[in-house]
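I opened a new notebook page today. These are my entries on what I looked up.

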Amino acid sequence: MDNQKVRTKKLLVSLVGVGVLMLAVFIFDSLGMMDNYIRGIFIQSCFAIIMVTSLNLVMGYLGQIALGHAGFMAVGAYTSALVTKAIGLAIKAETMAPISPMLQFFIGILCGALAAALFGLIVGIPALRLRGDYLAIITLGFGEIIRVVIQNLPFAGGKGLASGQAGQALIGIMRMNDIYVIMLVTMVCVGIMIAFVRSKFGRAIMAIRDDDIASSSTGLNTTYYKVLTFVFSAFFAGVAGAIYAHRGLGTLQHSDFTFLKSTEYVIMVVLGGMGSMTGAVVAAITLSVLPEALRAFSEYRMLVYSVMLILVMMFRPTGLFGSYEFSLYQLLTKRRKKAVEPEQTAAKGDN
Amino acid sequence: MDGLTLFIQQIINGLRVGSVYALIALGYTMVYGIIRLINFAHGDFIMVGAYALFFTVPVMIAAGMPPWLSVFAAILVCATTGVLVEKLAYSPVRAKGNKMTALITAIAMALFLENLAQTLFGANPKQVKTIFDLPQVFGVSGNTVLTIILGVVVMIALSLYVKYTKTGQAMRAVSEDKDASLLMGINVNRTITITFAIGSGLAAIASLMYVAQYNQVTNMMGSMLGLKAFVAAVLGGIGIIPGAMLGGLVIGIVESLSKAYIAPLTGGLITSAFSDAIVFSILIVVLLVKPAGILGKNTGEKV
Amino acid sequence: MPETILKATNLGIAFGGLRAVHGFAIDIKECELVGLIGPNGAGKTTVFNLFTGVYKPTEGTFYLGGHLMNGKKTHEIVAAGIARTFQNIRLFKKMTVMENVLIAFTKDMKSNLLSSILRLGSFWKEEESIRQKALELLAVFNLQDKADWMAGNLPYGQQRKLEIARALATNAKMLLLDEPAAGMNPTETAELLECINTIRKKFSISILLIEHDMSLVMNICERIVVIDYGEIIAQGLPQEISHDPKVIAAYLGE
């Protein structure tokens, strides 16, 4: 357990790390290298990071496969898009005082995240009574149901709200592609999730992953912690969905959130490392950038992923990073510990 | 068309789709019964079989033989694929990992087959020539009747095989307790391999009936088909051979009826596009209310 | 007159038609150490599973400190004050020794989602205090130096001890030990014996103990209950039990 002094140091190191990262992006941007294409990839990496880290809570730390994460992303995306749209319309009709687009976006994120969390609760309570492959298949089912329902909602298609049409793409969504805002939101989300993992909540769910029966015999209300984690994870999928909805294209399609999309995030979690936030972040960035960087590769992307996945399962079932966590603080102080101990490793954005 | 005729027509449609689901569900159930793994790639074995038919049917026709004979080629291809998947991927992962890693491997294998097919044959649907030229039976298409008959025959044959042959008994033993079976001198690996071969071979028969009805092959055809068949297997009681058949037919009929009636019944509130959602809702309800499935109590038939 | 901690009357469970345990009655006083013995398959662990809510009793009742426990969930029973260990050790193998104990404190921790995420002062204070408590508890079992070890890497005897430490950390009034000496060599068993005696006094806790090692049972138990075929066939002082013809018959198979 770190004392106050070490904690303050770690916090400072984390803040400096975040600052340096922001600065690097700023320099890159001011050199004129951040064109729309790069910006797109950047934003894609950001929502992928949130998706993968949040799914990692369920898969890596709670130890259950969920195949419907894209469903929660869809709820977040559509809710936030409709909310920002409604606010925009209200401002236009002068029934509401004008607010800054930034505030509008944040209200959208919050609403999207809360809606996704609510769906997480609705899905989680029945689904988490099951385990293993049954849980996987039931979350897949819920994910598809969410998507099909959205597809059939008139107000979630076309121009949306009152003038919507079921089955169509939702168009005319507000744009919010300020990379600094999105980057900050991403880091805050990851920071919150790391804090969650390194608290009694994280400890509890890892205990449940290790041994369900022993956990309840040690006084843990396993259902409560499982559902809480599921809801928490869905909340962040909602945030990712909100960023996705406002990424700049202005449209949303229900087909963006199929079972295949969920599978893609599962792949990222597994390749990165189940139970490693560092691995989740690295995998999300790598697998978002790689297909763009190598055009030829993009065609064979899923083929390569699937082979990689099988090989990883054969030779390193815990994922490439296992449960390793990168720590800037440790890197700087060279105070490496042999035992892999969550408490004593600090990743960026912690505290 | 009056209401009753329409209803009967929908039931028949349901039986037609359902019997294909049933054939696929049999494969799921065999594999799940023995290694407790949802073989996500099983749906894609249908696709593999369908491509095999796509390539061999013209050969048969050219050779002047009945086109359906190419099902034997498809069975060979599917069984080989199944055994290879088991030997190269599932078996090594099972030896080291846990349930989760095995399931991820199965998902990865499904993605691999789908994308390999896309790379090899492209993403556009391919047309397959007519396989059967059957007369209608009491107004029901010959294909439908044949599919249902085939389903029942396969189901009975499988049940008898599992019950009375030595390998079938070994399958039941392995499904009960792998370690104990090993101690009793059963060649567990060989038994699992045979199960995969049979389950995947069945997929080829399902491919035949699917292709005979829809005349089309795509690399993604097995994905949703497989999922629904899995729902069918769970509904009937996974690991139970007659359960797969029953589940398949029920899912087919529910799907067909919901497509036809849900919109008028709900005043257009719920449209026919919901039928997939309804199938999954059935799965959810079954898993929560009776996870063992409709025939779940009967453990004697477990493979 | 010492207070009754655990009281069961006519407790039983039937699986389908099979009565695994039937008419089980026990009365354990404060600080008492009772042994539960019986041949293999007699239903000893089933009794434990009933007391910990793993199975719901189909007949009878049981009380902890006067509160009815029937039908409560495992974690509620733990909160009320019954903790257990398992016949086949169930530690959180991929977590550290320290974390294993910390998990047991979770139910009494006050920090919530918000204070944990915002890393408020109260969060750190609580974390520090439970770690201190955990270290003290580990010291009782001589495990304090291995706090950072992965639980799964501990030697067998110490895994058993850690499991007891974890159970104690739940602040239980009643401790159920399921074959704590199973698989131990004589030295380890002797050490464990001492350990059980220490914690009983130190934590003034009542213990119900399943054991096959007769020397251990006869040595430390104040009272022994013998069951066979799910029913109590004898109970009394160790020396009485060792001469009871019914018990001898049950063990030797008549």
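First a term: I count two strands as paired if DSSP finds at least two bridges between them. Strands (E, at least two residues) and helices (H or I, at least four) are DSSP runs, numbered from the N terminus.

I noted the ground rules. This is a predicted model, where local features need pLDDT of at least 70, side-chain atom pairs count only at pLDDT 80 or more, and totals for chains, interfaces and linings use all residues. Residues are numbered from 1 along each chain as its sequence is written, while chains are lettered from A and ligands numbered from 1 in the order in which they are written.

**Entry: a sheet in chain C.** I looked up strand β4 (residues 59-64) of chain C. It is joined to β5(C) by 2 bridges, and the two strands run antiparallel. One bridge partner I found is C:Leu68 in β5(C), which faces C:Tyr63. Both strands belong to an open sheet of 4 strands, in the order β2-β1-β4-β5 (chain C), with antiparallel pairing. Its edge strands are β2 (18-29) and β5 (67-68) of chain C, and each pairs on one side only.

I then checked what lies across these strands. Helix α1 (residues 44-51) of chain C lies across β1 (4-15), β2 and β4 of chain C. It runs at about 70° to β2(C). Such angles run from 0 to 180 degrees between N-to-C directions, with axes fitted to C-alpha atoms, for helices over the stretch in contact.

**Entry: another sheet in chain C.** Here 6 strands form an open sheet in the order β6-β7-β8-β3-β9-β10 (chain C), and the pairing is mixed. β6 (82-84) and β10 (231-236) of chain C are at the edges with a single partner strand each, so one side of each has no neighbour in the sheet. The twist averages 20° from one strand to the next. Strand β3 (residues 33-37) of chain C runs parallel to strand β8 (residues 206-210) of chain C, joined by 4 bridges. C:Gly35 stands opposite C:Leu209 in β8(C).

**Entry: two helices in chain A.** At what angle do helix α3 and helix α9 of chain A pack? I read about 55° for α3 (residues 69-92) and α9 (residues 222-245), with their axes 6 Å apart. The two are therefore oblique to each other (under 35 degrees is roughly parallel, over 145 roughly antiparallel, 65 to 115 roughly perpendicular, and the rest oblique).

**Entry: the chains.** Which chains share the most contacts? Chains A and B do, of the 2 pairs of chains in contact. Contact means C-beta atoms, placed from the backbone, within 7 Å. Chain B and chain C do not touch, and their nearest C-alpha atoms are 13 Å apart.
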